[in-house]
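Open the structure in your viewer and keep a selection panel at hand. The stops below take you from one region to the next.

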Amino acid sequence: MNILNVGAGLSGAVIGRHLAEAGHQVTVVDSRSHIGGNCHTERDSDTGVMVHVYGPHIFHTDDSEVWDYVNRFATFLPYKNRVKTTSLDPEGRRGVFSLPVNLHTINQFFGKTLRPEEAHAFITEEQADTTIEDPQTFEEQALRFVGRDLYEAFFKGYTVKQWGMHPSELPASILKRLPVRFNYDDNYFFHKFQGMPEDGYSAMIAKILDHPGITVKLETVFDRTQTDQYDHVFYSGPLDGYFDYQLGRLGYRTLDFERFTHQGDYQGCAVMNYGEESVPYTRITEHKHFAPWESHEGSVCYREYSRAAEPGDIPYYPIRQVQEKALLSDYVALAEQTAGVSFVGRLGTYRYLDMDVTIREALDTARGFLAAREQDTQPPAFFTAPL
Ligand SMILES: Cc1cc2nc3c(=O)[nH]c(=O)nc-3n(C[C@H](O)[C@H](O)[C@H](O)COP(=O)(O)OP(=O)(O)OC[C@H]3O[C@@H](n4cnc5c(N)ncnc54)[C@H](O)[C@@H]3O)c2cc1C
């Protein structure tokens, strides 16, 4: 078959590779001048630092098939994400604290030397606001779990900046569990497998795309009138964009990265969050710390700002509140009436997807497509339901 994959990110590359290995001809197009989608990495020519161009990406998964898959195409070196945050303590003094909130954070923040059980009792009995019986909002849930001091230092300002919404406007369901660890584990992720590709993500994705059955065309914009030229299209662009936004635009947050360089070590860690609402950026990323096995005198940093995406901005995080979900369901209905195309990946299904989930879904999609073909049935518009 003659297949078109729109997008040379992980979705387009993994689906393309699987179908090419099954003997199909795959064309992968991307409007950008590089492969890799939002995982794209490139070396800065002045400092030699590997830069995560669209924001920091750390690979983590419990899925051993996905872990084996990425290790086929790249050497992964150990990397644990240990985030710090600059915020105000209960006395209003600015300090640097460990994230996610753990025993170190609690002891430092409250000036205590508590052991795990003591810290648990302190947070749940002395800090948590137990007068809130049935939390309805993110704010109430956070106050109920951790109390005002921790909420204001670590959750409130960051959420307002990241989502442009006050935690009292967000649902309680965002915080499902007590967001605090009563030990000194400061590894951001719980997953069994974690690491960084030695030569960056774009080198890994280039290897995935390196197959005689795959042709890559960059700076090539797809529009839906081209759908009929192929036996099937896998579209990893924005779902609403496929339909020329005819029902309206799905809401996204976009990011602005203010790049700056520094001689030496700017902040001593890869990611420093800023909890205060009065600091306009959410975090600073210092890229060389993502490759601790390398050594560079110069440094490249990104100050990261979040805002509502306007037409023409890069869509980063889907908002998925009630209003967006209603519009999404209308687009899903439209997509389901459209033959010859399957919508995939984070933009095609309007969901936030980590890289491992993107790869898992891409593998399942390619297998599902081959199975549908064997059974002579139409491939669905969505292999994973967006709603
Ligand atoms: C700021 C940020 C940080 C992240 N950090 C992590 C992390 O630490 N760990 C993790 O596991 N995941 C992380 N992710 C998630 C990760 O970026 C995604 O899982 C991954 O990029 C999804 O790949 P994709 O191929 O579905 O989409 P994308 O990477 O967005 O690729 C889609 C591609 O389609 C192209 N395209 C769209 N429309 C058209 C068109 N009409 N014609 C031609 N080309 C088109 C785009 O140019 C783009 O290159 C992060 C995401 C963001 C936004």
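Begin by selecting helix 6, which supplies six residues, the largest share, to the lining of the second largest pocket; helices here are DSSP runs of H or I with at least four residues, strands are runs of E with at least two, and both are numbered from the N terminus. A pocket is an open set of points, on a 1 Å grid over the protein atoms alone, where a 1.4 Å probe fits and where protein lies on both sides within 12 Å along at least five of seven lines, and its lining residues have an atom within 4 Å of a point. This is a predicted model, in which local features need pLDDT of at least 70 and side-chain atom pairs count only at pLDDT 80 or more, while totals for chains, interfaces and linings use all residues. Residues are numbered from 1 along each chain as its sequence is written, and side-chain values use heavy atoms, with hydrogens and water left out.

Now show the whole lining of the second largest pocket, which has 14 residues, with S87, L88, D149, E152 and A153 nearest its centre. Strand 7 (84–88) and helix 6 (148–163) are the elements that give two or more residues to this lining. Coloured by class, the lining has seven charged residues (Asp, Glu, Lys and Arg), four nonpolar ones (Ala, Val, Leu, Ile, Met, Phe, Trp, Tyr, Cys and Pro) and three polar ones (the others, Gly among them).

Which polar contacts (pairs of N or O atoms within 3.5 Å) can be picked out here? An oxygen atom of the ligand lies 2.5 Å from a polar backbone atom of L353, and a nitrogen atom of the ligand lies 3.1 Å from a polar side-chain atom of Y352.

Finally, turn to the open sheet, where three strands follow the order 5-9-6 with antiparallel pairing, two strands being paired if DSSP finds at least two bridges between them. Strand 5 (59–61) and strand 6 (76–77) stand at the edges, each with a single partner strand, so one side of each has no neighbour in the sheet. Three bridges join strand 5 to strand 9 (residues 193–197), and H60 can be found opposite Q194 in strand 9.

Notes
Polar contact = N/O pair within 3.5 Å; in protein donor to acceptor, adjacent residues only side chain to side chain.
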